[in-house]
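Reader: I've got this one open on my screen and would like to talk it through. Shall we start?

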Amino acid sequence: MMYILALESSCDETAVAIIRGCSDTHGVENVEVLANCVASQIDIHKVYGGVVPELASREHTKQLKPLLEMALEQAGVTLQDIDVFAGTAGPGLSSSLLIGHSAAKMLAVASGKTYYAMNHMEGHLLSPFLGKSQSVAVGQAMGLVVSGGHTMLVDIARVGQYHILGQTVDDAAGEAFDKGARMLKLAYPGGPEIEKLAKLGNPQAYDFPRSMLHEKEEGKQHSFSFSGLKTSLYYTLQKEEQKHQREQKAKHQAGESEQEFQLAPAVLNDICASFQQAIIDVLVEKTLAAAVKHKRSVVAISGGVACNKTLITQLQSRLNKRGIELLTADNALNTDNALMIAYAAWQRHQAGQVSDSLEAGIYPRFSGF
Ligand code: KG4
Ligand code: ZN
């Protein structure tokens, strides 16, 4: 039996989780979640329309200690009971990563216990496997990680053996949602806002680009590109504004009072639905193609964008028709949290990982697993 405490502070969520993992003599694993505490900073950054690094790190510093105490209390354990301290070392914002990562190291040093420098992306990648039966143990799956900072298709041979088939060449899927929402004057984070309005709109109303959908160039078939979508939205909004100006001119000539430009609710809903569908089409088709090509019978989707129910429904339907199972995580596990870091640390431990060097630093940029 082993207790793992994980700290996550790579972006704008401070999080602490404690799990108890055990495996019996037949190798049957059981992971119990003892605490999963997250202090979200969304309200702080919302007013700026995105994460402000300086504010994020200050908030992590403030939140970490009380959150740690809360997690220990919820789990009913003390620091002395913990066997492994795991901290997210990258990728993420440097000033944010430093807080949780240094704290995890210090806790390990002070107690003479094991320390793991964890990869945030591995946390996302493995999260759909948590709590699933042994028949879908980590391995032999196609992973689709769709978050605010990353979009990647990863072939999971087994724990620690990941092959990145393709990533985004520009914006991530979540970033496209966030940037699109900003242009539409919707709140941050944009994904949930666009999804809400998209439910009321027509996904075929506007023809947004599906970049790299049928990419044939060797080495790029599994890559993504979402920046063209943003440009296309910009021109769509410009056209709507020009239409509005023509209408205002006519009103002015007829002696009627003019109004400021604002998208009509029905138009906004249609734009959201069409914009979202363009992202979904690319994610669904590329994931299916990768799973079929690599003969994977399981697809594991993770990251904040996996909270999008329309995406999940369409992906599930397309995969199931080809006999491929879709593994999803709860929404609370899709957005940033420390439970996924603790779970990835448990998987690493089971795969035989020893303590990382205490010299290990942070790595803000993703450069592989
Ligand atoms: O994984 P995550 O919490 O943080 C990163 O590691 O980036 O992902 C956050 C991203 C944001 O871009 C947010 O807009 C997106 O996930 N997101 C969604 C939804 N909920 C969150 N995107 C589409 N639909 C949603 N329902
Ligand atoms: Zn994340």
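Reader: Are His-120 and His-124 buried or exposed?

Author: Keep in mind that this is a predicted model. The two histidines sit in helix α4, which covers residues 120–126. His-120 and His-124 both come out as buried.

Reader: How many residues apart are His-120 and His-124 in helix α4?

Author: The donor residues of the zinc ion (ligand 2) follow the spacing H-x3-H-x211-D. Within helix α4 the spacing of His-120 and His-124 amounts to about one turn, that is, 4 residues.

Reader: Which residues coordinate the zinc ion (ligand 2)?

Author: Two of the contacts are made through NE2 atoms and the Asp contributes through OD, at 2.0 to 2.1 Å. Water is not among the atoms, so the site may look incomplete. The residues are His-120, His-124 and Asp-336.

Reader: What is the arrangement of the 4 donor atoms around the zinc ion (ligand 2)?

Author: With four donors, tetrahedral would need all angles between 85 and 135 degrees. Here the angles run from 92 to 139°, so the arrangement is irregular.

Reader: Let's move on to the pockets. Which helix gives the most to the lining of the largest pocket?

Author: This pocket has a volume of about 1,200 Å³, and 43 residues line it. Helices α4, α5 (173–183) and α6 (190–198) each supply at least two of the lining residues. The top contributor, with 6 residues, is α5.

Reader: And from which domains does the lining of the largest pocket draw at least three residues each?

Author: Nearest the pocket's centre lie Cys-11, Ser-147, Gly-148, Gly-149 and Asp-178. By class the lining has 15 nonpolar, 19 polar and 9 charged residues. At least three residues come from each of domain 1 (2–130 + 333–359) and domain 2 (141–328).

Reader: How many nonpolar residues are in the lining of the second largest pocket?

Author: That pocket has a volume of about 330 Å³. Its lining includes Leu-184, Tyr-234 and Phe-261, and helix α7 (residues 227–253) provides the largest share, 4 residues. Next to 2 polar and 2 charged residues, the nonpolar count is 8.

Methods:
Residues are numbered from 1 along each chain as its sequence is written. Chains are lettered from A and ligands numbered from 1 in the order in which they are written. This is a predicted model: local features need pLDDT of at least 70, side-chain atom pairs count only at pLDDT 80 or more; totals for chains, interfaces and linings use all residues. Side-chain values use heavy atoms; hydrogens and water are left out. Donors are N, O and S atoms within 2.8 Å of the metal (3.2 Å for Na, K and Ca); water is not among the atoms, so sites may look incomplete. Four donors count as tetrahedral if all angles lie between 85 and 135 degrees; four count as square planar and six as octahedral if opposite donors are over 155 degrees apart and all others between 65 and 115; anything else is irregular. Buried means under 20% relative accessible area, exposed over 50%, partly exposed in between (1.4 Å probe, protein chains only). On a 1 Å grid over the protein atoms alone, a cavity is a set of points where a 1.4 Å probe fits but cannot get out, and a pocket is an open set with protein on both sides within 12 Å along at least five of seven lines; lining residues have an atom within 4 Å of a point. Grid points are joined across faces, edges and corners, and a volume is the space filled by probe spheres set on the points. Ala, Val, Leu, Ile, Met, Phe, Trp, Tyr, Cys and Pro count as nonpolar, Asp, Glu, Lys and Arg as charged, and the others, Gly among them, as polar. Domain bounds come from an automatic or database domain assignment.
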